[in-house]
Amino acid sequence: CGVADTAMAALFTLCSALARVEVGEFGVCSFGGEKPELLIPLGHHAEFGRPMAEDLIRNFTFKEQSETSHNRGLTKLLQLTTHIFDHVHAASIPVSQMALIVTDGRFNKAAVRQWVHTALSRQQYPLLIIVDRPKEEGQPSTSVFDLKAVQYENGTCMVSPYLSPDFPFPFYVVIQDMAALPRVLADVVRQWFEMAVR
């Protein structure tokens, strides 16, 4: 959908901010290929600088997509993050964990739903950051706001907005303006802390 550059800018902004505000451990995974890959292991990263950014640029090609990646990519990522979070804090007191997922928002909602519920039941909060391209004058829209979901119920075709009430992520934000990302991230982290101390 032509959002690769924006997605990378969002990722660098997130990593820099997470290192700066010392939220605890963070890591970076990529998804969309045959299986998700852990690019930066979960840990305390005092700063996010040029060497880490260059490694990410080398590993994020945005060419991993296959015919089935929209059906399984995000599902496999949620399976991996659940596994990582479960094992990192298996011996310690329960903590709230957050997975910030930067995506174009196109995935199989039915396949992901179970893993979103699994994560939430373990105090793991998957937050989708949908990097979206606003409609350009004279061009067909590729915005997630204009996507439609089609499903069949009792032989009847039902068409609804993609971001309808059955959207599996209770926590998501759509970013069309990268300048808004730092403010949005600050709000997200603040709300996560509020949920974590309840």
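## Aromatic pairs

The structure holds 7 aromatic pairs, where rings of Phe, Tyr and Trp (its six-membered ring) pair if their centres lie within 6.5 Å, and planes under 30 degrees apart count as stacked, over 60 as edge-to-face and the rest as tilted. One of them joins F107 and F167, a tilted pair at 5.7 Å centre to centre with 55 degrees between the planes. This pair links distant parts of the chain, 60 residues apart: F107 is in the loop between strand 3 (97-103) and helix 4, and F167 is in the loop between strand 6 (156-161) and strand 7 (172-175). Helices (H or I, at least four residues) and strands (E, at least two) are DSSP runs, numbered from the N terminus.

F167 also pairs with Y162; the ring centres are 5.9 Å apart and the planes are at 70 degrees, so this pair is edge-to-face. Ring pairs join F107, Y162, F167, F169 and Y172 into a cluster. F107 counts as buried at 9% relative accessibility, F167 is buried at 8%, and Y162 is buried with a relative accessible area of 8%. Buried means under 20% relative accessible area, exposed over 50%, and partly exposed in between (1.4 Å probe, protein chains only).

## Basis of the values

This is a predicted model, in which local features need pLDDT of at least 70 and side-chain atom pairs count only at pLDDT 80 or more, while totals for chains, interfaces and linings use all residues. Residues are numbered from 1 along each chain as its sequence is written, and side-chain values use heavy atoms, with hydrogens and water left out.

## Helix 4

Helix 4 (residues 109-121) has 13 residues and should span 18 Å at 1.5 Å a residue, which agrees with its end C-alpha atoms being 18 Å apart. The expected span is 1.5 Å times one less than the number of residues. K109, V112, W115, V116, T118 and A119 are the buried residues of this helix.

At the N-terminal end, N108 caps helix 4, with a side-chain oxygen 3.0 Å from the backbone nitrogen of A110. Just after the helix, Q123 takes a positive phi of about 60 degrees.

## Surface patch

V150, Y152 and V159 make a nonpolar surface patch of about 340 Å². Y152 is found in strand 5 (residues 148-153) and counts as exposed, at 61% relative accessibility.

Key: Polar contact = N/O pair within 3.5 Å; in protein donor to acceptor, adjacent residues only side chain to side chain. Patch = residues over 30% accessible without salt bridge, like charges linked within 9 Å, V, L, I, M, F, W, Y side chains within 5 Å. Areas by Shrake-Rupley, 256 points an atom, 1.4 Å probe, with all protein chains shown as cover. Salt bridge = Lys/Arg side-chain N within 4 Å of Asp/Glu carboxyl O.
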